[in-house]
Structure formats: C-alpha cells, structure tokens
Amino acid sequence: MTASPRAVELAIAAAEAASDKLAADILAFDVSDQLFITDIFVLCSGSNDRQVKSIVDEIEHRLKQLGERPVRREGEREGRWVLLDYAEIVVHVQHTEDRMYYALERLWKDCPSIELPEAVRMSRLRAAGDSA
C-alpha cells in the first residue's frame, strides 16, 4: 500500500507552509506500509518555541484552505513538540533540540521518502548552512 494522492498533496502543502516559516530539516515519509493509522509523517524543526508555534499556525492555516482541520493536536502548550494529526498525515513540529534527541527520522528511515518541492528542499539546505 502507498500513500494516497490526497495524503501526498496535504504533506506537500504542510511542508511548503513549514518552509515559509523557515522550518529546518523538513522531511516526509510514506509510513502507510508500517502503520494503519496514517499514510505520511511530516517532520520539521523550529529553533525556538515561538518559531515552533509560528510553523504550526501556518501549517494549520494552509491545510484549512484545502478544507482540512486536525482531528487531534498535542503539545501546543509546551511549544517544544507539536503533533498535528490530520488522519491521512501526521505533522511533527519539534524544537531543534528535541528533534535531535528523539531522532524520529531514524525510526522511519526504511520507509520511502516523499519527494518535496525544490523550494522546500532548498530551505533545508539554507538551514544546514545557518547551523554551520
């Protein structure tokens, strides 16, 4: 089984929204063969609590324009790791330190990655250059 076209559309929209708010290390994995609860995980990082919140707000705004609302939202109060569950996709917006500690991408590295638009991939390279 592979992710549905709608799930891919939502994941790309979420990744673009995160990129617009300068999220770092944006990745998307097709986890549909491993999990029955969702098709795609989108991962991204913010350098501080305020940026994490800004990224979350932009993702929610963008997906709302596509007619989607999260069925569940967790971690918003702390602002370190916010999970947005849209059923077909789950978005993890993590503080950079938490992202390094939990390393979710290591858990899902065997899953196929979703090809993200060039602008999103370039934001990943910019973020890597900023931390060097």
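Q: How many aromatic pairs does the count come to?

A: This is a predicted model, in which local features need pLDDT of at least 70 and side-chain atom pairs count only at pLDDT 80 or more, while totals for chains, interfaces and linings use all residues. Residues are numbered from 1 along each chain as its sequence is written, and side-chain values use heavy atoms, with hydrogens and water left out. A pair of aromatic rings is described by the distance of the centres and the angle of the planes. Rings of Phe, Tyr and Trp (its six-membered ring) pair if their centres lie within 6.5 Å; planes under 30 degrees apart are stacked, over 60 edge-to-face, the rest tilted. By this rule there are three aromatic pairs. F41 and W108 form one that is edge-to-face, at 5.2 Å centre to centre and 85° between the planes.

Q: Which parts of the chain does the pair of F41 and W108 link?

A: Helices (H or I, at least four residues) and strands (E, at least two) are DSSP runs, numbered from the N terminus. F41 is in strand β2 and W108 in the loop between α4 and α5, 67 residues apart.

Q: Are F41 and W108 buried or exposed?

A: Buried means under 20% relative accessible area, exposed over 50%, partly exposed in between (1.4 Å probe, protein chains only). Both F41 and W108 are buried.

Q: Why is the pair of W81 and Y102 tilted?

A: The ring centres of W81 and Y102 are 4.9 Å apart and the planes stand at 50°, so this pair is tilted. W81 counts as partly exposed because its relative accessibility is 27%.
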